[in-house]
Amino acid sequence: MTTLVVGFRLGNDASSRQVTVLVTESGVLHRAHGTYGRLPRVSKPEPSRVLYSRTLFEGEHPLARPIAGLREHHVGYTKKGYSRALVPPAVVRLDVEEHPPFPEVPHRELIQAFIGAAPNTPQPLDTAIGAFRATLGLPTRSANVSWTPRAQPLPPRVEAMLRTLAHGSAISSPQRLPVGWTVTDEGVRLRVGSTGETLDRHAVIELQAALSAWLRFTERPPERAVVEPRQASES
């Protein structure tokens, strides 16, 4: 069997690193990255959340989030200096059968097949995505509409804290704790007992990234819907 994919490969000449990102017709995002001239490291595939549970995400197309992720990766890596199009955005039908989305097993053969078969024809990513969707018989976006990442709504608790800071009030951890923190419109301060230390903006960004990573690392994986063989054949 064949697999229709859309993707790209970008290079960063300053760091001699490259990244390949592609989305398959089934709704799975694949990514590989590494140093020029070396075998890239293949990340674990990222199946569309619709494939986890068709009931929970009823009405959402399996390709919606993976294609959005493809765009976000292209914007993100370009901003990080990956400005060389080693493989311009392209749609390719590969003579490789994609692994089932579960379990998420890295699929190096799929990445390598894309790199070997993709044409070296420069074109915008949205043009390739449009061709990918058209080949699958899906609606396509008007060519004169540009894409920008959609701003994610803030959680209600963050919205409430933002209003607190806007009113000039501080947000603090409970005073009974020996180690705590205070956030004001002027900065972030960590305290241990009666002493403390004010963090600059860079330190706050690093702390936020570390805490986000810890929360993601320790969260429980979502329960996946078990699809019966008969249902799978009908879907």
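A residue counts as buried under 20% relative accessible area, as exposed over 50%, and as partly exposed in between, with a 1.4 Å probe and protein chains only. By that scale Glu-60, with a relative accessible area of 23%, is partly exposed.

This is a predicted model, in which local features need pLDDT of at least 70, side-chain atom pairs count only at pLDDT 80 or more, and totals for chains, interfaces and linings use all residues. Residues are numbered from 1 along each chain as its sequence is written, and side-chain values use heavy atoms, with hydrogens and water left out.

## The chain as a whole

The protein chain has six helices and 10 strands; these are DSSP runs numbered from the N terminus, with helices being H or I of at least four residues and strands being E of at least two. Of its 235 residues, 31% count as buried. The chain exposes about 15600 Å², and carbon and sulfur atoms supply 55% of that area; accessible areas come from the Shrake-Rupley method with a 1.4 Å probe, and for residues only the protein chains shown count as cover. Among contacts (heavy atoms within 4.5 Å) with a separation of 6 or more, 55% are between residues 24 or more positions apart.

Strands are taken to pair if DSSP finds at least two bridges between them. Strand β1 (residues 3-12) pairs with β2 in the antiparallel sense over eight bridges, and Leu-10 stands opposite Val-19 in β2. The hairpin of β1 and β2 has four residues between the strands, and Ser-16 there takes a positive phi near 55 degrees.

On to the next strand, β2 and β3 (residues 28-35) run antiparallel and are joined by seven bridges. Thr-20 has Ala-32 in β3 as its bridge partner. Three residues lie between β2 and β3 in their hairpin, where Gly-27 in the turn has a positive phi of about 100 degrees. Seven of the eight residues of β2 (residues 17-24) are buried, so this strand is largely enclosed by the rest of the structure.

## Salt bridges

The count comes to three salt bridges, a salt bridge being a side-chain nitrogen of Lys or Arg within 4 Å of a carboxyl oxygen of Asp or Glu.

| Asp-13 | Arg-84 | 2.7 Å |

Arg-71 is buried, at a relative accessible area of 10%, whereas Asp-126 is partly exposed at 28%.

The side chains of Asp-13 and Arg-84 also meet in a salt bridge. That pair joins distant parts of the chain: Asp-13 lies in the loop between β1 and β2, Arg-84 lies in strand β6 (residues 84-94), and 71 residues separate them. Asp-13 is partly exposed, with a relative accessible area of 40%, and Arg-84 is partly exposed at 43%. In the remaining pair, Arg-65 counts as partly exposed at 38% relative accessibility.

An open sheet of four strands has the order β7-β8-β9-β10, with antiparallel pairing. β7 (171-172) and β10 (195-199) stand at its edges, each with a single partner strand, so one side of each is left without a neighbour in the sheet. β9 and β10 run antiparallel and are joined by five bridges; Leu-190 has Glu-197 in β10 as its bridge partner.

## Pocket and cavity

On a 1 Å grid over the protein atoms alone, a cavity is a set of points where a 1.4 Å probe fits but cannot get out, and a pocket is an open set with protein on both sides within 12 Å along at least five of seven lines; lining residues have an atom within 4 Å of a point. Grid points are joined across faces, edges and corners, and a volume is the space filled by probe spheres set on the points.

The second largest pocket has a volume of about 1100 Å³. It is lined by 24 residues, of which Val-183, Val-188, Val-204, Gln-208 and Leu-211 are the closest to its centre. α4 (156-166), β8 (179-183), β9 (188-192) and α5 (201-218) each supply at least two residues of the lining, and α5 gives the most, with nine.

There is one cavity of 30 Å³ or more. The largest cavity has a volume of about 40 Å³, and its lining includes Val-28, His-30, Pro-45 and His-107.
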